[in-house]
Amino acid sequence: MSTRSGADRELVIRGAHVLDPSSGLDGVMDVRISGGRVAEVGEDLHGVRELDASGLHLFPGFVDVHAHWRTPGREEEEDLESGSAAAAAGGFTGVVMMPNTDPVLDRPALVSGLVRRAERESRVRAYVAAALHAGLAGSELTEMRLLKEAGALCVSDDGPGTQNADVLRSGMLYARSAGLAVLLHCEDRSLAKGVVHDGVAAALAGVPATPASAEDAATATALVLAAETGARVHITHVSTALSAALVGFFKGRAGVTADTTPHHLTLTDDLVRTLEGLYRVNPPLRPEGDRREVIEALRDGTLDFVATDHAPHAAQRKELPLQEAAPGFLGHETAFAALYTELVLGESLPLSRLVEAMSCAPGRWVGGLGSLAVGAPADIALADLEEEWTVERESLSSRSHNSPYLGRRMRGRIVGTIVGGELVHDRMGAKLGVRT
Amino acid sequence: MSARDFISLENVGREELLEVMELARDQEEGRLGRLLEGRTVCLAFFEPSTRTAASFELAARRAGADVVSLSSGTSSISKGESLVDTVVTLDRLGMDALIIRHPAAGAASLASRHTSAAVVNAGDGCGQHPTQALLDLYALGKSLGGFEELAGRRAAIVGDILHSRVARSVIPAFGTAGIEVSLVAPATLLPREADVWRLPVLGSVDEALEWGAEVLYMLRLQKERMSGALVPSVAEYARYYGVGRRHLRPGVRVMHPGPVNRGVEIASDVVLDGSSLIPDQVSAGIAVRTAVLALATGSVERAAA
Ligand SMILES: [Zn+2]
């Protein structure tokens, strides 16, 4: 991003409906950007370069704390260029890359190398989550203080998780001393032997199933340890009613935050009945009852924000029977439209709460992002809330196509994304054309 | 004539069941002849199964079909070769029907999306095993005096329902035929949401008989599940979920998709008892599978479109 041209120049975005709950902005306004930062928000602003955004909504850029860009190791599925293009297309201006790459991001040199590459190759701000344990193996601590110096934002063992409670406890204690947040994928592997939620769909389909208790038991353990150790713990992709309630119970008793995903908020395990590998994801899609409770937990702030768990997979890893397919969905490009369509239009979630959950709250968690306050980085998502579109393979920027929304009709689309004052995604050049 | 898949019995209607039953009877009575002459049938078995494979192959050959057979034991289906690749390759051979057995539920429907041939599911993981349920219906109907005699009868499905593709086909097929079904299994061998079938769940074969079961449909218990965390011991399992001579009241019929673990699901002296329909099930296999292949390949006119 350091080589980006124009970041120092002034730009005025005119006439958009500006919505930023963190600064209390909600109305048609102009935004002046200077030196890559928000310089002024007000009425009737003008400048040498102007961008006419009338009819559009303008939000602080979205921040995604859980993404798999497959670099290093599986660049044929995604790399920094395609991953960040997908993020930008979805209005994301900040993304945290998870450490389960090949090799695993468990050494300072790997982390600093990736941070430097991201500065050159990523269109959006890209942060690194380093491993909590060597090789994500859940036994030996990584050099967390050195990892932090190398540029790691937080630590996580993501998918494999930390299966031993005593080891997890030590990891939290050490992370606290290192000043790093711990991002946890909660799943008790001794219970998680299946590939779908153990519910009605699994009973009928005959696919190996994992009970909700696999997530709930691990979430409970993590929360108890967070309360005891005082670590800054973030629980990612909460998908069950009970886990959401547990998070609620521990709010105020522990320094804990939590997110859920667009797919757990908008899809259910009914899709498992198709037996298609495309619909395998971890944690698995849940029944409608869980989905409802997770929506309510997001609405009332028990779940702080949304993260996509963007997980690209090559076709040959998904075009398999459900139980043989790799788990994971694409997420960046459909997150806003899916949530706007299903939650804002479908469940009357206030649009401001969605912006809070996609921009402000995760931006605060990462630090210094997700706000249009004067002086904040000029990271912006521009959305056309009227546009109707269908998710199609061809329209995806990711190198992979494993979106569970393929063929779905959506309302609302990101038409422009600005990072540090520069347009990094411009879907409708004519519409967003900058007038000089 | 377009291809007709036999992948699941979940949404199969009474008319379609009846059609298979009548064709199977025609086959048994020698009225069908070599009606698969000129057709090519492929068997792709990604999981070993001598009995089902042999039954399908005999059915196809006796009806005059050319048979191409691949199995995981042969080099044709190598480890790691994807299902889709194999299906696409077979499709180029110009097959009319693909009979597929695979360790993962959904394999047959995935295959059907990559071939224009009719796909017959010969067992996919814990998913479905439609021809097994069809031959069960045929054998049971025959012993009771016809398909119409099935309605209103009571059948208990006993054993490892959780891991059984046979159960997932038998439950809807028996229901569609008008049979009242109950489930008999410990909670460890039932899906967590077994209520989805809206069937009574009973605690033992004795309870099933009290409930009025005339048919005891015994499921095979896999060796690795016989003792340990799912079932305490073979002895306890056999006591509550096995059928012994003491259960053989007049009118009670015992069925099993085979192979039987003697002394576990069924006491040794019951397997070949007059009340056991197991031999009838095996012999119904050829007739029913011929009927299925005839319908799948469009070799006979269909009653219900
Ligand atoms: Zn995860």
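**A:Leu275.** I looked up A:Leu275 to start. Is this residue buried or exposed? It is buried, with a relative accessible area of 14%. The cut-off for buried is under 20%, so A:Leu275 falls within that class. I place A:Leu275 in the loop between α8 (262-266) and α9 (288-299) of chain A. Its phi is near 60°, a positive value in a residue other than glycine. I note here that the model is predicted.

**A:Leu136.** I then turned to A:Leu136. Its phi is also near 60°, again positive and again not in a glycine. A:Leu136 sits in the loop between β8 and α3 of chain A. With 7% relative accessibility, A:Leu136 counts as buried.

**Strand β8 of chain A.** Which strands pair with it? On one count, β7 (residues 92-97) of chain A runs parallel to β8(A) and is joined to it by 4 bridges. I found A:Met97 bridged to A:Val128 in β8(A). On the other, β9 (residues 152-156) of chain A pairs with β8(A) in the parallel sense, over 4 bridges. Here A:Ala130 stands opposite A:Val155 of β9(A). I also traced the path between these two: β8(A), helix α3 (residues 144-149) and β9(A) form a right-handed β-α-β unit.

**A hairpin in chain A.** I checked β17 (residues 409-419) and β18 (residues 422-426) of chain A. They run antiparallel and are joined by 4 bridges. A:Thr417 faces A:His425 in β18(A). The hairpin has 2 residues between its strands, and A:Gly420 takes a positive phi near 55°.

**A:Gly255.** This glycine is in the loop between α7 (241-250) and β14 (256-260) of chain A. What does A:Gly255 touch, leaving out residues up to four places away in sequence? I list A:Ala231, A:Arg232 and A:Val233. A:Gly255 is partly exposed, at 43% relative accessible area. I also took one distance: its C-alpha atom is 40 Å from that of A:Ala315, a residue 60 places away along the chain.

**Cis peptide bonds.** I noted one in chain A, from A:Thr71 to A:Pro72, with omega near 0°. A:Pro72 lies in the loop between β6 (62-67) and α1 (80-89) of chain A. I noted another in chain B, from B:Gly258 to B:Pro259, with omega near -10°. B:Pro259 is in the loop between β9 (253-255) and α9 (268-271) of chain B.

**A sheet in chain B.** I read off an open sheet of 4 strands in the order β2-β1-β3-β4, paired parallel. Why is one side of β2 (66-71) and of β4 (118-124) left without a neighbour in the sheet? Both stand at the edges with a single partner strand each, so one side of each has none. Neighbouring strands are turned by 15° against each other on average, direction ignored. Helix α3 (residues 83-92) of chain B packs on this sheet and touches β1, β2 and β3. Its direction makes about 160° with that of β3(B). Between β1 (residues 40-45) and β3 (residues 97-102) of chain B I found 5 bridges. One such pair is B:Val41 with B:Ala97.

**Where the chains meet.** Chain A gives 19 residues to the contact and chain B gives 21 residues. Together they bury about 1,500 Å², with 59% of it on carbon and sulfur atoms. How many salt bridges cross the interface? The rule finds 1. I identified B:Glu10 with A:Arg273, whose closest N and O atoms are 2.3 Å apart.

How values were computed. Residues numbered from 1 in each chain as written. Chains lettered and ligands numbered in written order. Predicted model: local features only at pLDDT ≥ 70, side-chain atom pairs only at ≥ 80, totals over all residues. Heavy atoms only, no water. Pairing = 2+ DSSP bridges. Right-handed = clockwise from strand over helix to strand, strands pointing away. Axes fitted to C-alpha atoms, helices over the stretch in contact; angles between N-to-C directions. Contact = heavy atoms within 4.5 Å. Buried area = accessible area lost by both parts, 1.4 Å probe. Salt bridge = Lys/Arg side-chain N within 4 Å of Asp/Glu carboxyl O. Buried < 20%, exposed > 50% of the residue type's maximum accessible area, 1.4 Å probe, protein only.
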